[in-house]
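Open the model in your viewer and keep the selection tool at hand. Each stop below tells you what to pick and what you will find there.

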Amino acid sequence: MLTIWGRGSSYNVQKVLWLADELALDYIHRPAGGEDGGLDSPEFLAMNPNGRIPVIQDGDSVVWETHSILRYLAAAHGNDDFRRTTPAAQSLVDRWLDWSLSELEPAFFSGVFWGFYRTPGDQHDDAAIERSLAKCDRLYRRLDSRLGETPFLSGDQLGLADIPAGTTLYRYFELEIPRPTLPNVEAWYQRLQARPAYQQHVMRPFGELYGRLAY
Ligand SMILES: N[C@@H](CCC(=O)N[C@@H](CS)C(=O)NCC(=O)O)C(=O)O
């Protein structure tokens with residue numbers, strides 16, 4: 001049986017839960033981190049010495065680091081939509097996973113979501129928020145351009161490439177922030193919103209995080 005540790009308000013945990021349901025996996029979800037705590041227990045640190053969520057256990061395999069978990073689940077349990085058989089096809093998936101981790105998520109989740117939403121108003125660094133918003137404009141336009149070519153990031157069907165960037169969209173569109181015109185991203189967002197697993201795990205109200213700097 002697969003076990004997934006991590007609080008459902010964590011965007012990284014949301015990626016894993018979303019994928020697990022897309023793959024129709026049976027799993028036990030154990031909330032951990034934030035107010036659920038438990039990340040500094042010896043049992044948890046034995047699984048992930050970094051004391052961070054998400055973590056999964058699948059049989060004898062324990063995996064931490066979100067995108068490694070996504071790749072593991074796709075390799076171990078994926079169908080043709082989530083597994084690639086040629087290096088070129090795999091690289092198309094990998095580049096969007098890595099681009100999300102190294103470009104989009106720092107700009108949106110760290111710069112805007114933390115800087116603007118989670119940081120109390122009297123501690124805002126307005127110039128840093130402006131810079132992050134400008135970077136988000138460029139990056140979401142980049143996504144928009146790609147999504148003008150194919151309905152999903154790696155082709156005609158939802159794949160692993162869509163999970164990290166797609167997880168940003170609910171918060172990106174819910175926040176009261178300026179956004180550029182993004183017709184292809186909005187159409188993609190509608191396609192994602194039609195999926196029950198996305199509704200359940202990503203479209204989750206996040207008001208509990210407002211003005212909250214502590215995990
Ligand atoms: N690079 C790690 C980052 C993990 C991480 O920082 N997770 C956050 C939640 S998104 C965490 O564990 N925070 C502590 C907590 O929630 O208590 C990954 O992608 O898995």
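The tour starts at the ligand and then moves out to single residues. Bear in mind that this is a predicted model.

**Stop 1: the ligand**

Select the ligand. It sits in the largest pocket.

**Stop 2**

Pick I53 first. A polar backbone atom of I53 is 2.8 Å from a ligand nitrogen. Go on to E65. One of the polar side-chain atoms of E65 lies 2.6 Å from a nitrogen of the ligand. Then take T66. Here a polar side-chain atom is 2.8 Å from a ligand oxygen. How much of the ligand does the protein bury? On its own, the ligand exposes 510 Å², and the protein buries 82% of that.

**Stop 2: I53 and P54**

Zoom in on the bond between I53 and P54. This peptide bond is cis, with omega about 0°. P54 belongs to the loop between α2 (42–47) and β3 (55–58).

**Stop 4**

Return to E65. You will find it in the loop between β4 (61–64) and α3 (66–77). Its phi is positive, about 80°, although E65 is not a glycine. At 44% relative accessibility, E65 is partly exposed.

Now select A24. This residue is in the loop between α1 and β2 (27–30). A24 also has a positive phi, about 55°, and is not a glycine. Is A24 buried or exposed? Its relative accessibility is 67%, over the 50% cut-off, so A24 counts as exposed.

**Stop 3: W18**

Select W18 in helix α1, residues 11–22. Its relative accessible area is 0%, so W18 is buried. W18 and R195 are 9.7 Å apart in space, yet 177 residues apart in sequence.

**Stop 4: Y189**

Finish at Y189. It lies in helix α7, residues 183–193. Is Y189 buried or exposed? With a relative accessible area of 8%, under the 20% cut-off, Y189 is buried. From C-alpha to C-alpha, Y189 and F173 are 9.4 Å apart, with a sequence separation of 16 residues.

Notes: Residues numbered from 1 in each chain as written. Predicted model: local features only at pLDDT ≥ 70, side-chain atom pairs only at ≥ 80, totals over all residues. Heavy atoms only, no water. Polar contact = N/O pair within 3.5 Å; in protein donor to acceptor, adjacent residues only side chain to side chain. Areas by Shrake-Rupley, 256 points an atom, 1.4 Å probe, with all protein chains shown as cover. 1 Å grid on protein atoms, 1.4 Å probe; cavity = no way out; pocket = protein on both sides within 12 Å on 5 of 7 lines; lining within 4 Å. Sits in = over half its atoms within 2 Å of the grid points. Helix = DSSP H or I, 4+ residues; strand = E, 2+ residues; numbered from the N terminus. Buried < 20%, exposed > 50% of the residue type's maximum accessible area, 1.4 Å probe, protein only.
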